[in-house]
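Here are some notes for when you have the model open. They cover a strand first, then the aromatic side chains.

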Amino acid sequence: MGIAPRNHQAEERLTMPDDHAPPHKAQAFATRMSHAGRAGTRAHGFVNPPVHRGSTVLMPSAQARRDFAKDRFNRVMTYGTAGGPTHYALEDVICEIEGGTRCVLVGTGLAAVTVPLMAYLKTGDHCLMPDSVYGPARNIANGLLANYGIATTFYDPTIGEAEIAALIQPNTKVVYTESPGSHTFELQDIPAIARAAHARGCTVMMDNTWGIHNFMPFEHGVDVSIQALTKYVGGHSDVLLGSITTNTEEDYLKVRTAAGQMGHFAAPDDCWLALRGARTMPVRLKHQERSGLEVARWFETRAEVQRVLHPGLPSHPQHALFTRDFRGSCSLFGVVLQPAYTEADLFRLIDSLTLFGIGASWGGYESLALPTTGFITRTATSDDLGGQTMRIHIGLEDVGDLIADLEQGLATLPR
Ligand SMILES: *Cc1c(COP(=O)(O)O)cnc(C)c1O
């Protein structure tokens, strides 16, 4: 039969190879974000990759249809759900952000949490999850996973190697982590947890949405890294998307297979929005980190405030872990008011703000304030933070304007 006919896209790649040099490790993050996942002049010369929408992918011959189906995990375009050029570009960008080798894109950050759990756990297995975990991750552990006969133990997120080792049972397959924890911002000693987990053959998963590229998961022993791209990568509060990044082919195939079996998919238009967001993310993130720290430090000077929950502040109980493992912070943190204030006081404060929206999610260009008291579930540790709590996300507004708004907000509290 001679040489097998090629997929016509593959042929195009051979005759017109990518001519945009991919970034290399020695380059700074902002440089790499500007050059990763680009095709150069191949895709007609336009700077940004086009959106390739589609279900059907046409084949040049019947034999090609058979040959390509065998190779669907290696970027051979066979059907919409196998991904296309827009997905590949974003996958490359996410791998640059987290330092991984392969990436699976899914429709939401939550799907990026659930897919690897479903991929690595089966009936009779046991999973360890930090008590400070993102709420919907707790829900799948107590819901679908429990229904399938998978048990989860919630652990104190601040425990070390020996304590994690003591919680690992013969059937423990996954040690899940998230650092810092949602709403409460406890840091985890990921390298210590990973050492204990790997010694017992467990897979280490991490929700790295807060750390983004400030925490490099694979340098600290994580096997499977989860990102809600909805947050800083999207960056404009107009897209939902998730990524699962791995560093070995084995882990990639496991995640990719589960995502494929469950029919997970990321819309190419959403991938394109995330790609556009990623180009400016290094600049946005630096600006928001600086503004976030400035506002957090300002809150610390205020008598109405009992504590600020920000790992980048020296007052954070695990600040030493932060300086050891993180290159920087994002602009999401918690504020605990003095114990005398009531929920009604907190609500009045938040309602009085004019520059801070009241809403879930974060990582966009706009600031947010969210009451978190009552939204924190704890089963292994105390949920009592000692006062009414709000979560603050600092956007790209002028930091002086933001502080002025917060100042008038605090002034609504009873004296
Ligand atoms: C928002 C968030 C998610 C989920 O992302 P969605 O795209 O909203 O589903 C997962 N983990 C963390 C830590 C989050 O903040």
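1. Start with β5 and β6, which pair in the parallel sense over three bridges. Across that pairing, Met205 stands opposite Val224 in β6. Bear in mind that this is a predicted model.

2. Strand β4 (residues 172-178) also pairs with β5, again in the parallel sense, over five bridges. If you want a spot to look at, Thr177 has Met206 in β5 as its bridge partner. To get from β4 to β5, the chain passes through helix α8 (residues 190-199), and this β-α-β crossover is right-handed.

3. How many residues of strand β5 (residues 203-207) are buried? Five of its five, so the strand is mostly covered, with buried meaning under 20% relative accessible area. Thr203, Met205 and Asp207 point one way from β5, while Val204 and Met206 point the other way. Note that Asp207 is buried along with the others.

4. On to the rings: the structure holds six aromatic pairs. One of them is Tyr232 with Trp362, an edge-to-face pair at 5.8 Å centre to centre, with 70 degrees between the planes. This pair links distant parts of the chain, 130 residues apart: Tyr232 is in the loop between β6 (224-228) and β7 (242-246), and Trp362 is in the loop between α12 (343-352) and β10 (368-371).

5. Next, have a look at Phe299 and Phe333. Their ring centres are 6.4 Å apart and their planes are at 70 degrees, so this pair is edge-to-face. It joins helix α10 (residues 268-300), which holds Phe299, to strand β9 (residues 332-337), which holds Phe333; the two residues are 34 residues apart. Phe299 is buried, with a relative accessible area of 0%, and Phe333 is buried with a value of 0%.

6. Which residues make up an aromatic cluster? Trp210, Phe215, Phe322 and Phe326 form one together.

7. Last, two arginines to check against rings. Arg102 lies over the face of Tyr252, at 3.9 Å from the ring centre. Arg138 has its charged end over the ring of Phe154, 4.2 Å from the centre of that ring.

Notes
Residues numbered from 1 in each chain as written. Predicted model: local features only at pLDDT ≥ 70, side-chain atom pairs only at ≥ 80, totals over all residues. Heavy atoms only, no water. Phe/Tyr/Trp six-rings, centres within 6.5 Å; stacked < 30°, edge-to-face > 60°. Helix = DSSP H or I, 4+ residues; strand = E, 2+ residues; numbered from the N terminus. Buried < 20%, exposed > 50% of the residue type's maximum accessible area, 1.4 Å probe, protein only. Lys NZ or Arg CZ within 6 Å of the ring centre and 35° of its normal. Pairing = 2+ DSSP bridges. Right-handed = clockwise from strand over helix to strand, strands pointing away.
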